[in-house]
Amino acid sequence: MRKSNLMKYQKTFFFIVLFILSSTLLFSQKRSNLSLDPQKAEWFKEAKFGMFIHWGLYSLLEGSYKGHTLPDTTFANGRSWYAEWIQARLEVPSKEYKALAGQFNPVHFDADQWIREAKNAGMKYFVITSKHHDGFALWDSKVSDFNIMHTPFKRDILAELVSACKKYGLKYGFYYSHWQDWEYPGGAMPHWMDRVPDDEFEKYWREKSLPQVKELITLFDPDLLWFDTWDEETHITEERRDELISLVRELSPKCLINGRISYLNPGENIDFLEMHDNRYPDKIMDKPWQTPATMMHSWGWHANDFNWKSADRMIEYLVNNTSKGGNYLLNVGPKPDGSFPIPATRRLREMGAWLYANGDAVYGASPVRMEVPEKIYLSQKTEAGKSYLYISLAANFESVVLPIPLTNDIQECKVLESDRPIPFVRNSENITIHIPENLYKDNSVQVVRLTLKTPLID
Ligand code: GLC
């Protein structure tokens with residue numbers, strides 16, 4: 001081979017290698033944008049209890065429009081009749097709905113008070129609808145004028161809430177309706193309306209959805225983003241899902257992403273799973289997860305919805321989820337004037353009081369793989385070299401039998417809130433704990449704490 005030819009081949013070879021190297025690098029970069037870092041979700045796993053807020057223009061209508069009131073029952077006629085869906089359900093003309101912006105003036109809105117209420121309720125994080133399906137943004141968005149700055153209120157609600165969360169040490173995140181948008185042409189519409197052609201959706205996706213997500217991250221640096229789809233075929237293809245995940249990963253090293261980014265196909269790269277509304281799994285899940293839950297039927301404020309759940313019932317949901325390794329994201333639908341409904345505040349304070357006494361059984365606790373009767377919920381923790389097993393009793397048990405063999409030394413058996421020892425007996429396979437009469441007759445969830453020599457299961 002002649003020397004010049006050899007050099008030519010060497011050169012070509014060099015370029016081929018360079019091409020392969022750079023494309024591998026590019027490819028791995030793309031992958032790492034999608035990739036998951038479970039460490040990031042540690043705070044979420046420990047937090048267990050968060051506040052969800054649904055608030056927007058729909059709140060002004062309080063569940064009724066022109067003499068029609070949305071049913072307050074679950075899935076009447078096979079549909080959910082949530083008040084934040086009023087525009088679609090009661091067919092409010094778009095012009096009329098948009099004109100509600102001219103009335104939005106929540107004079108009693110006080111971010112400090114909301115977040116203090118969340119903190120006192122024992123909640124560790126806060127998630128608000130930055131934009132729900134109606135397309136209205138609660139922040140000063142440069143992407144779309146359909147936002148809070150174009151109302152008489154003219155205050156950036158998200159900015160105020162974010163600084164209150166920082167002040168009180170709560171993590172914070174935003175619900176963002178990336179798929180449904182009933183205001184912007186091309187945004188997905190409810191399933192009983194005409195399906196939007198995909199090329200129009202693509203336009204909405206590029207012009208509003210992705211730019212607003214980018215804006216939310218760059219302006220507010222959220223700890224999590226709460227996307228919303230459900231079990232319907234959607235425009236959220238794998239490509240769009242991954243494009244959105246990569247966007248978030250590129251802009252924020254810490255922001256968690258929920259599974260409803262694509263409910264039917266969340267893939268491997270989301271940070272936590274989002275259950276269906278008000279669904280409480282009965283088994284332990286390996287990935288972090290949460291249940292978004294309502295206090296009444298509706299998420300958005302509905303003045304004629306009387307389905308308030310009791311604080312005790314909600315505490316049971318919280319301990320149930322804790323015992324399966326998940327979180328409880330409990331919603332409040334603030335009123336048009338910006339205040340929390342009093343029934344919501346009462347329940348938040350009752351839950352906060354319960355957690356003040358029993359929070360050790362919840363925060364940072366992990367599940368225990370042990371068969372127990374219904375209405376008993378277990379969690380465990382190891383702290384300062386001690387192993388604790390928490391037994392939350394959501395029914396009137398006179399005694400409780402647990403399969404803890406004699407080989408595991410039980411150092412203490414106490415009522416958690418009073419720190420008083422209670423009697424128990426053991427045989428080679430079981431422990432039987434006797435619950436004092438006044439406790440088992442008390443209808444609130446009681447917690448017994450066992451101090452063990454070794455953790456049950458890690
Ligand atoms: C459903 C509803 C929506 C609500 C959400 C909360 O997706 O359509 O209105 O925001 O559940 O989990």
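This section describes the salt bridges and the ligand surroundings in a predicted model.

The structure holds 29 salt bridges. Side chains of opposite charge can pair when their charged atoms come close.

Within helix 2, which spans residues 42-47, Glu 42 and Lys 45 stand three residues apart, a separation of about one helical turn. Their side chains form a salt bridge in which the closest N and O atoms are 3.6 Å apart. Both partners are partly exposed: the relative accessible area is 29% for Glu 42 and 37% for Lys 45.

A second salt bridge joins Asp 221 and Lys 254, with an N to O distance of 3.4 Å. Asp 221 belongs to the loop between helix 7 (198-220) and strand 6 (224-227), and Lys 254 to the loop between helix 8 (238-251) and strand 7 (256-257), so the contact ties together parts that are 33 residues apart in sequence. Asp 221 is partly exposed, at 38% relative accessibility, and Lys 254 is likewise partly exposed, at 29%.

The pair formed by Arg 260 and Asp 228 has its closest N and O atoms 3.0 Å apart. Arg 260 has a relative accessibility of 5% and counts as buried. Asp 228 is also buried, with a relative accessible area of 5%.

The ligand is surrounded by 14 residues, of which the closest are His 54, Glu 84, Trp 85, His 132 and Asp 277. By residue class, this shell divides into seven nonpolar, three polar and four charged residues. Arg 260, the salt-bridge partner of Asp 228, also has a side-chain N or O atom 3.3 Å from an oxygen atom of the ligand. For His 54, a polar side-chain atom lies 2.5 Å from a ligand oxygen atom. The corresponding distance between a polar side-chain atom of Asp 277 and an oxygen atom of the ligand is 2.7 Å. Taken alone, the ligand exposes 310 Å², and 96% of that area is buried by the protein.

Notes. Residues numbered from 1 in each chain as written. Predicted model: local features only at pLDDT ≥ 70, side-chain atom pairs only at ≥ 80, totals over all residues. Heavy atoms only, no water. Salt bridge = Lys/Arg side-chain N within 4 Å of Asp/Glu carboxyl O. Helix = DSSP H or I, 4+ residues; strand = E, 2+ residues; numbered from the N terminus. Buried < 20%, exposed > 50% of the residue type's maximum accessible area, 1.4 Å probe, protein only. Near = heavy atom within 4 Å. Polar contact = N/O pair within 3.5 Å; in protein donor to acceptor, adjacent residues only side chain to side chain. Areas by Shrake-Rupley, 256 points an atom, 1.4 Å probe, with all protein chains shown as cover. Nonpolar A, V, L, I, M, F, W, Y, C, P; charged D, E, K, R; others polar.
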